Amino acid sequence: MSSREQILGKIKRVTKADSPLPDIPDFEFAEETKERFVKSIQGNKGEVIDVAGLEVFLKSNGFSKIISLAKGLEQLSTRTLPDNPHELADLEVAIIQGQFGVAENGAIWLTDADLGLRALPFITEHLVIVLSEDSLVSNMHEAYKRIGEQPSGFGLFIAGPSKTADIEQALVIGAHGAKSLRVVLV
């Protein structure tokens, strides 16, 4: 008998008593969904604003290179969406429509239909996601149930501006994508 067969034989002889599966908690929060979502976005170094706050943000910074794909805010665009994502290299602000947000962690679900170009939320300096307050869900369990109902070839969750940290725990925001995330709740 080979050593391999001896080892496999010993493993087969090990008996283990059956144990019951653990109870799955409901993952509910004591806070209201909107309140929890706002705290999660802030914890991810993002900001939640209203439409008036968005207009102040745009005007006070003097942005001139803006693409807005969000419903009802298309007039804020100063550029059209190009066919070639390389033409977005100097984009200052991208405003897109989110499908729904997750209160548990501040994640916002986006698909190709929301992005125009997949590079858009990553190549822009500042990202703004417009989200209906009614679209918020409590946790990722609800989020994945909702995603399961949607046909999509591509989708992603965004939960804040780009961040990275090194071994010395020096946090850098905007290292791999947008320097800021603002969520406009409507």
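**Exercise 1.** Determine which strands helix α6 lies across.

*Solution.* Helix α6 (residues 140-148) lies across β4, β5 and β7 and runs at about 155 degrees to β7. Helices (H or I, at least four residues) and strands (E, at least two) are DSSP runs, numbered from the N terminus. Angles run from 0 to 180 degrees between N-to-C directions, with axes fitted to C-alpha atoms, for helices over the stretch in contact (heavy atoms within 4.5 Å). The model is predicted: local features need pLDDT of at least 70, side-chain atom pairs count only at pLDDT 80 or more, and totals for chains, interfaces and linings use all residues. Residues are numbered from 1 along each chain as its sequence is written, and side-chain values use heavy atoms, leaving out hydrogens and water.

**Exercise 2.** State the order of the strands in the open sheet of 3 strands.

*Solution.* The order is β4-β5-β7, with antiparallel pairing; two strands pair if DSSP finds at least two bridges between them. The edge strands, β4 (100-101) and β7 (155-158), each pair on one side only. Between β5 (residues 108-111) and β7 there are 4 bridges, and L110 stands opposite L156 in β7.

**Exercise 3.** Classify the aromatic pair of F100 and F157.

*Solution.* Rings of Phe, Tyr and Trp (its six-membered ring) pair if their centres lie within 6.5 Å; planes under 30 degrees apart count as stacked, over 60 as edge-to-face and the rest as tilted. For F100 and F157 the centres are 6.4 Å apart and the planes stand at 80 degrees, an edge-to-face pair. The pair links strand β4 with strand β7, 57 residues apart. Together with W109 and Y144, F100 and F157 form one aromatic cluster.
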